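Morning, everyone. I have one structure to walk through today. Please put it up on the screen.

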Amino acid sequence: MASMYELMLQLPIFQGISRSQLTKILEKTSFRFDRFAKGEVIFELEQKTEHIIFIISGEVRLKTPTFGGKMMIQEDFYAPQTMPFQNFFGADTFYRSELVALHPTGIMMLDKTNFLSVLQQNMVLLVNVLNILSSNAQKQHKGLDFSSETDPLHRIASWMLAYTDRPAHNIVLNAKVSDWCNMLHLDQSEFWRCIANLEGRKCVEVEKDRIKLIDRYGLRAILN
């Protein structure tokens, strides 16, 4: 079984730092640890964001409503993983998702004071955090701009890439076809033609109002 050092060094925020640097951080920082049974909610939608959360064992499911609640994005993550923390700072400090343990799951948490202290201790960590926040901001910008794609297939692929996370698996998008069409500015014939194309490329699987994302690289190849 991987040691705590090995697990932490696999987390995006801690990548690039040495064991000696990590040891100093652990000695000076008050991390909080907790465990959740299968099916337990780790945080709820609209709950105040008071900690940055690291999944250090198990598997979790992130459920995010979007498009006014008409679509639900489901994404599963294995440990080790850093959960989204873009709402940790700023005017809106509430979770926009629900996080549930799919199996017995261990988490590590840092509150805002300790998180800022850790960033002040190590420039590599600060750069990692800035890169993560910048990437998320750029991704959201691309998501807002997906409607500028003139090719309907590109429009759908752009949306799926912008609104889902690369490290996730078992990515499922639930929405009525009429809501998909309204959001993507497509008629139903265009929508189904594009979905059939994506199924043929083995990028997605479709069942009624459920679209499962199978191959993100295939979607990216469409845009390239």
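Where is the place of Phe-54? Phe-54 is in strand 3, residues 51–57. Strands here are DSSP runs of E with at least two residues, helices are runs of H or I with at least four, and both are numbered from the N terminus.

Some ground rules. This is a predicted model, where local features need pLDDT of at least 70, side-chain atom pairs count only at pLDDT 80 or more, and totals for chains, interfaces and linings use all residues. Residues are numbered from 1 along each chain as its sequence is written, and side-chain values use heavy atoms, with hydrogens and water left out.

Back to Phe-54. Is Phe-54 buried or exposed? Phe-54 counts as buried because its relative accessible area is 1%. The cut-offs are under 20% for buried, over 50% for exposed, and partly exposed in between, with a 1.4 Å probe and protein chains only. Contact means heavy atoms within 4.5 Å. Leaving aside neighbours within four places in sequence, the contacts of Phe-54 include Leu-11, Phe-14, Ile-107 and Leu-110.

Leu-110 is our next stop. Leu-110 lies in strand 8, residues 105–111. Leu-110 is buried, because its relative accessible area is also 1%.

Now the cores. A nonpolar core is a set of buried Ala, Val, Leu, Ile, Met, Phe, Trp, Tyr and Cys residues joined through side-chain atoms within 4.5 Å. How many residues has the largest one? The largest nonpolar core has 42 residues, and Met-160, Trp-180 and Leu-198 have the most contacts inside it. Helix 5, residues 152–162, gives the largest share, six residues. A second, separate core has 21 residues, including Leu-7, Ile-52, Val-118 and Leu-119.

Look at Met-160. Not counting residues up to four places away in sequence, Met-160 touches Leu-173, Trp-180, Leu-198, Val-204, Ile-211, Leu-213, Arg-216 and Leu-219.

Trp-180 takes us to helix 6. Helix 6 spans residues 177–184 and is mostly covered, with six of its eight residues buried. Those six are Val-177, Asp-179, Trp-180, Cys-181, Met-183 and Leu-184. What covers them? The cover includes strand 5 (71–78), helix 5, strand 9, helix 7 (188–200) and strand 11.

Ring pairs link Trp-159, Tyr-163, Trp-180, Phe-191 and Trp-192 into a cluster. The whole structure has 10 aromatic pairs. Rings of Phe, Tyr and Trp (its six-membered ring) pair if their centres lie within 6.5 Å; planes under 30 degrees apart are stacked, over 60 edge-to-face, and the rest tilted.

Seven strands form an open sheet, in the order 2-7-4-5-9-11-10, with antiparallel pairing. Two strands pair if DSSP finds at least two bridges between them. The edges are strand 2 (41–43) and strand 10, each pairing on one side only.

Strand 2 pairs with strand 7, residues 98–101, over two bridges. Phe-43 has Leu-99 as its bridge partner there.

Go to the other end. Strand 9, residues 169–174, joins strand 11 through four bridges, with Ile-171 opposite Leu-213. Strand 10, residues 204–207, also pairs with strand 11 over four bridges, and Glu-205 stands opposite Lys-212.

Which residues make the covered face of strand 11? In strand 11, residues 210–213, Ile-211 and Leu-213 are on the covered face, while Arg-210 and Lys-212 are on the uncovered one. In a regular strand the side chains alternate between the two faces of the sheet.

Most residues other than glycine have a negative phi, and most peptide bonds are trans. Strands 10 and 11 form a hairpin with two residues between them, and Lys-208 in that turn has a positive phi of about 55 degrees. Lys-208 counts as exposed because its relative accessibility is 76%. Phe-67 also has a positive phi of about 55 degrees. Phe-67 sits in the loop between strand 4 (59–66) and strand 5. Phe-67 is partly exposed, at 31% relative accessibility. Finally, a cis peptide bond joins Ala-79 and Pro-80, with omega about -5 degrees. Pro-80 lies in the loop between strand 5 and strand 6 (81–82).
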